[in-house]
Amino acid sequence: MPEHTFILNGESVTVDIEDDVRLLWVLRDVLGVTGPKYGCGLGVCQACTSHINGKAFNPCSVPVRDLRPTDEVTTIEGLPATVGRELHPMQEAWLEYDVAQCGYCQPGQIMTAVAKVRQAREEGREIGEADLDEIRNVCRCGTYHRIREAIVAGAQKY
């Protein structure tokens with residue numbers, strides 16, 4: 001089988017797996033990283049949202065062959081290290097605003113929120129209502145109001 005190397009949560013990893021295996025399964029089944037959740041397998045629900053080179057992406061839709069050795073994949077498990085803390089400020093806001101009910105989609109929600117805040121800041125502005133409206137992660141419990149509040153609060157903390 002072919003080998004695939006990339007950076008996962010700050011550490012270089014190499015997996016020996018077929019080219020067409022989706023990254024979500026490499027993360028979960030081969031590397032034991034269970035934060036990204038399987039929801040739809042099509043990139044629609046976004047429960048698996050993680051970051052690649054600082055941008056949000058859905059590993060359920062990306063074959064492992066598309067990764068380069070220099071690609072940096074960050075999952076919810078590696079998010080706190082990006083700010084050198086035990087929890088990322090967005091995770092703290094999630095707790096403060098009691099967002100999670102079942103919690104299944106929350107890793108993807110948080111990863112999307114962090115990427116959206118980063119995007120707004122790269123454009124020289126703070127996150128606004130229009131940005132929040134663009135977030136399409138599915139929350140089966142329907143805590144959207146608390147999600148929006150937590151994103152704004154989390155953005156103010158970092």
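Tutor: Let's call it a salt bridge when a side-chain nitrogen of Lys or Arg is within 4 Å of a carboxyl oxygen of Asp or Glu. With that rule, domain 1 and domain 2 have one salt bridge between them. The protein chain is split into domain 1 (3-80) and domain 2 (85-157), with bounds from an automatic or database domain assignment.

Some housekeeping before we zoom in. This is a predicted model, so local features need pLDDT of at least 70 and side-chain atom pairs count only at pLDDT 80 or more, while totals for chains, interfaces and linings use all residues. Residues are numbered from 1 along each chain as its sequence is written, and side-chain values use heavy atoms, with hydrogens and water left out.

Now the contact itself. Taken over C-alpha atoms, the centres of domain 1 and domain 2 are 20 Å apart. Domain 1 brings 19 residues to the contact and domain 2 brings 19 residues, where contact means heavy atoms within 4.5 Å. About 1500 Å² is buried between domain 1 and domain 2, and carbon and sulfur atoms give 59% of that; this is accessible area (1.4 Å probe) lost on putting the two parts together, summed over both. On the domain 1 side, the residues that lose the most area to domain 2 are Ile76, Leu79 and Pro80, which together make up 34% of what that side buries. On the charged side of things, look at Lys55 and Glu122, whose side chains meet in a salt bridge at 3.2 Å, N to O.

Staying with charges, the total comes to 10 salt bridges by this rule. Asp131 is buried at 5%, while Arg125 is partly exposed at 32% and Glu123 is partly exposed at 46%.

A further salt bridge links the side chains of Glu92 and Arg85, at 2.9 Å, N to O. Glu92 has a relative accessible area of 25%, so it counts as partly exposed, and Arg85 is partly exposed too, at 37%.

Next, helix α2, residues 89-96, with Pro89, Met90, Gln91, Ala93 and Trp94 buried. (Helices, H or I with at least four residues, and strands, E with at least two, are DSSP runs numbered from the N terminus.) Those buried residues of α2 pack against α3 (106-122) and α5 (144-157). After α2 comes Asp98, with a positive phi near 50°.

Over to the start of the chain. Strand β1 (residues 3-8) pairs with strand β2 (residues 11-16) in the antiparallel sense, over six bridges; for strands to pair, DSSP has to find at least two bridges between them. Phe6 has Val13 in β2 as its bridge partner. The hairpin of β1 and β2 has two residues between the strands, and Asn9 takes a positive phi near 50° there.

Leaving out residues up to four places away in sequence, Val26 touches Phe6, Val15, Ile17, Val21, Leu31 and Val64. Val26 counts as buried because its relative accessibility is 0%. Val64 is 38 residues from Val26 along the chain, yet their C-alpha atoms are separated by 7.6 Å.

Last, the cysteines. A disulfide takes a pair of cysteine sulfur atoms within 2.5 Å, and the count is zero disulfides. Cys40 is in none; its nearest cysteine sulfur, that of Cys45, lies 3.9 Å away. Cys40 is partly exposed, at 25% relative accessible area. Cys141 isn't in a disulfide either, with the sulfur of Cys102, the nearest, at 3.7 Å. Cys141 has a relative accessible area of 30%, which makes it partly exposed.

Terms used. Buried < 20%, exposed > 50% of the residue type's maximum accessible area, 1.4 Å probe, protein only.
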